Amino acid sequence: MATGQQPTTPPPREQQGEAPSPQQADAPPPQQPATDDPAAVLDELQDRWRRALADLDNLRKRHAKELERVRDEERARTAAAWLPVVDNLERALAHADSDPTAVLKGIEAVRDQAIEVLRGLGYPRYEETGVPFDPTRHEVVGVVDTPDAEPNTVAQVVSPGYGANGRQLRPAFVVVSKRQE
């Protein structure tokens, strides 16, 4: 800097081509208390603080009510999805003294309907055999020595699993082939 020159200050941000940050743009400018009396300033700041706490408490209460409403709606939607299954089970029971093969076919149809309801709720059924054992999708209930199966693969499904994409309702209970020695 040459002698006798004043140091220059950078131009304001608006002149530099920078926009104010979103927080600066949305936030109201802080209001200064109207008086220089420290007691009045303290009273006003305490009043603001109490109002902010009351607003936060109201927000919490409103959020809790909204959350409960959403839960109730979801419970009702899920229960309504199961009503046709219950109706069909009652119809099957009403025909229990009919032809056993017809009753069996009716119960199978109700089972298929229940599986479809679970799939519609985001929990599809899976019961593949011959696939590699996956501890996130399978729970081992037995081990067998099967010469024609690859080691550590699902040899038998005892109970099917329900779920997909990390949303597991229940893992499949499986029997896994062990390494032949």
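This note walks through the helix pair, the sheet and the nonpolar cores of a predicted model.

1. Ground rules. Residues are numbered from 1 along each chain as its sequence is written, and side-chain values use heavy atoms, with hydrogens and water left out. Because the model is predicted, local features need pLDDT of at least 70 and side-chain atom pairs count only at pLDDT 80 or more, while totals for chains, interfaces and linings use all residues.

2. The helix pair. Start with helix H3 (residues 38-94) and helix H4 (residues 100-120). Helices here are DSSP runs of H or I with at least four residues, strands are runs of E with at least two, and both are numbered from the N terminus. H3 and H4 pack at an angle of about 170°, with their axes 10 Å apart. Axes are lines fitted to C-alpha atoms over the stretch in contact, and angles run from 0 to 180 degrees between N-to-C directions. That angle makes H3 roughly antiparallel to H4 (a label for angles over 145 degrees).

3. Their contact. Which residues of H3 meet H4? They are Ala81, Trp82, Pro84, Val85, Asn88, Leu89 and Ala92. On the H4 side stand Ile107, Val110, Gln113, Ala114, Val117 and Leu118. Contact means heavy atoms within 4.5 Å. By class, the contact has 11 nonpolar, 2 polar and no charged residues. Ala, Val, Leu, Ile, Met, Phe, Trp, Tyr, Cys and Pro count as nonpolar, Asp, Glu, Lys and Arg as charged, and the others, Gly among them, as polar.

4. The sheet. Three strands form an open, antiparallel sheet in the order S1-S4-S5. Strands S1 (125-126) and S5 (167-170) are the edges, each pairing on one side only. Two strands pair if DSSP finds at least two bridges between them. S1 joins S4 (residues 161-164) through 2 bridges: Arg125 partners Tyr162, and Tyr126 partners Gly161.

5. The hairpin. S4 and S5 pair over 3 bridges. Ala164 stands opposite Arg167 in S5. The hairpin has 2 residues between its strands, and Asn165 takes a positive phi near 55°.

6. The cores. The largest nonpolar core has 6 residues: Tyr126, Val154, Val157, Ala172, Val174 and Val176. Such a core is a set of buried Ala, Val, Leu, Ile, Met, Phe, Trp, Tyr and Cys residues joined through side-chain atoms within 4.5 Å; buried means under 20% relative accessible area (1.4 Å probe, protein chains only). Strands S3 (154-159) and S6 (172-177) each give two or more residues to this core. S6 gives the most, with 3. Apart from this core lies another of 5 residues, among them Val85, Val110, Ala114 and Leu121.

Terms used:
Buried < 20%, exposed > 50% of the residue type's maximum accessible area, 1.4 Å probe, protein only. Parallel < 35°, antiparallel > 145°, perpendicular 65-115°, else oblique.
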